[in-house]
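The sequence and the structure are shown first.

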Amino acid sequence: MNTLGNKLRVTVFGQSHAPAIGCVIEGLPAGFAPDMERVAAFMARRAPGQNAWSTRRKEADQPEILSGLVGGRTCGAPLAMRICNSDQHSRDYSGLRRTPRPSHADYTALVKYGDSYDIRGGGQFSGRLTAPLCFAGALALQVLEQRGIAVAAHIAQIGNIFDEGPDFAAVSREDLSVLDGREFPVFSETAGAAMREEIEDARLAADSVGGAIRCFALGLPAGIGEPMFGGVENRLASALFGIPAVRGVSFGTGFGAAAMRGSGHNDPFVMDGDTVAVRTNHAGGVLGGITTGMPLVVNIAVKPTASIGQTQETVDLVTKTNTSLTIQGRHDPCIVPRAVPVAEAVTALTILDMLMED
């Protein structure tokens, strides 16, 4: 179940401490010439060890193309890529088969796979596997750009601190351009500074903090998607939940709709020249599972990093008794900033796949 998409298929492989991780991409249009410098810059946004709010693990995340490119252009064959792992401390994980970490997949993976499970660094459940997703997503973003579609995300929330975002109905490419090149992608630099302080406070307390990401897609035509189980929300939610640490996905006003009345939540239709638009965009650009042509707005809740430095309760699977555990190793006090490009990548891959189907 490591494959995403139907027409555009991305299969991710590897484990956190395996010799390499990577992906195989099927369905890219032949003759597409990716800008590999832009791909590298996009992947660098996710890479670890670059700032105070990420793990100290250092990985170059240098993709090696194995097939699918000839003379810098896609040739129609599957595009295969690998990234060699280099900075692993596998000894940090030696005891976790006996005492699983709270809020990690250690226990469920051991139940499912037994002693064969590679527990080092979380194995196949590790956020390390989002690096090849970002590679594939960087390519999808460039293909979408050629079709006039832009995808960008910001940190909407860290703890109880919220970023100021643009109006859902009026968000523009100029609005999103504010995020370009920002190491900490927020619209409000004041909010960003407060968020970084919140992350540092959690780090100093040997703790972690969660947050939320908001992703926008502009330029989508009306009519993409299917009713019921093939809707845009269904496909995106399914894909986004494949990102480790994602706890919730909503669209537009999302769960805020539960506190509203229909008169406030309904989006009045208006004419924008010859185009049908809406005055508000509580629906987030989707009605009945089908795009309206308005900005697509996706909200993604991200849990606090499960690995913290405080002593926690767990169990001893050998003696069948309660015990405690202090997690060793290098971990993010907040995963949200590094998850922003991953959210963009998965959103872009899913949108491009649906466009190709349509």
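Lys112 is exposed, with a relative accessible area of 63%; exposed means over 50% relative accessible area, buried under 20% and partly exposed in between, for a 1.4 Å probe and protein chains only. The model is predicted: local features need pLDDT of at least 70, side-chain atom pairs count only at pLDDT 80 or more, and totals for chains, interfaces and linings use all residues. Residues are numbered from 1 along each chain as its sequence is written, and side-chain values use heavy atoms, with hydrogens and water left out.

**Helix α2**

Lys112 belongs to helix α2. Helices (H or I, at least four residues) and strands (E, at least two) are DSSP runs, numbered from the N terminus. Helix α2 spans residues 106-113, and its buried residues are Asp106, Ala109 and Leu110. Viewed down the axis of α2, these buried residues fall within an arc of 100 degrees, so they line one face of the helix; the arc is that of the directions from the helix axis to the C-beta atoms. An α-helix has 3.6 residues a turn, so residues three or four places apart point the same way. On the face of α2 turned away from the buried side are the exposed residues Val111 and Lys112. Gly114 follows α2 and has a positive phi, near 65 degrees. Between the C-alpha atoms of Lys112 and Ala191, which are 79 residues apart along the chain, the separation is 42 Å.

**The five-stranded sheet**

An open sheet is formed by five strands in the order β9-β8-β10-β16-β11, with antiparallel pairing. Its edge strands are β9 and β11 (246-251), each of which pairs on one side only. Two strands pair if DSSP finds at least two bridges between them. Strand β8 (residues 150-158) is mostly covered, with seven of its nine residues buried.

| Strand pair | Bridges | Sense |
|---|---|---|
| β8 and β10 (residues 211-218) | eight bridges | antiparallel |
| β8 and β9 (residues 161-162) | two bridges | antiparallel |
| β11 and β16 (residues 296-302) | five bridges | antiparallel |

Individual bridge partners can also be named. Val151 is partnered by Ala217 in β10, Ile158 by Ile161 in β9, and Gly248 by Ala301 in β16. Strands β8 and β9 form a hairpin with two residues between them, and Gly159 in the turn has a positive phi of about 60 degrees.

**Cavity**

The structure holds one cavity of 30 Å³ or more. A cavity is a set of points, on a 1 Å grid over the protein atoms alone, where a 1.4 Å probe fits but cannot get out; lining residues have an atom within 4 Å of a point. The largest cavity contains about 30 Å³ of space, and its lining consists of Leu220, Ile224, Val232, Thr291, Ile351 and Met354. Five of the lining residues are nonpolar, one is polar and none is charged.

**Cysteines**

A search of the whole structure finds zero disulfides, a disulfide being a pair of cysteine sulfur atoms within 2.5 Å. Cys75 is in no disulfide, and the nearest cysteine sulfur, that of Cys23, is 15 Å away. Cys75 counts as partly exposed because its relative accessibility is 41%. The sulfur of Cys84 is 14 Å from the closest cysteine sulfur, in Cys23, which is too far for a bond. Cys84 also counts as partly exposed, at 45% relative accessibility.

Definitions and conventions. On a 1 Å grid over the protein atoms alone, a cavity is a set of points where a 1.4 Å probe fits but cannot get out, and a pocket is an open set with protein on both sides within 12 Å along at least five of seven lines; lining residues have an atom within 4 Å of a point. Grid points are joined across faces, edges and corners, and a volume is the space filled by probe spheres set on the points. Ala, Val, Leu, Ile, Met, Phe, Trp, Tyr, Cys and Pro count as nonpolar, Asp, Glu, Lys and Arg as charged, and the others, Gly among them, as polar.
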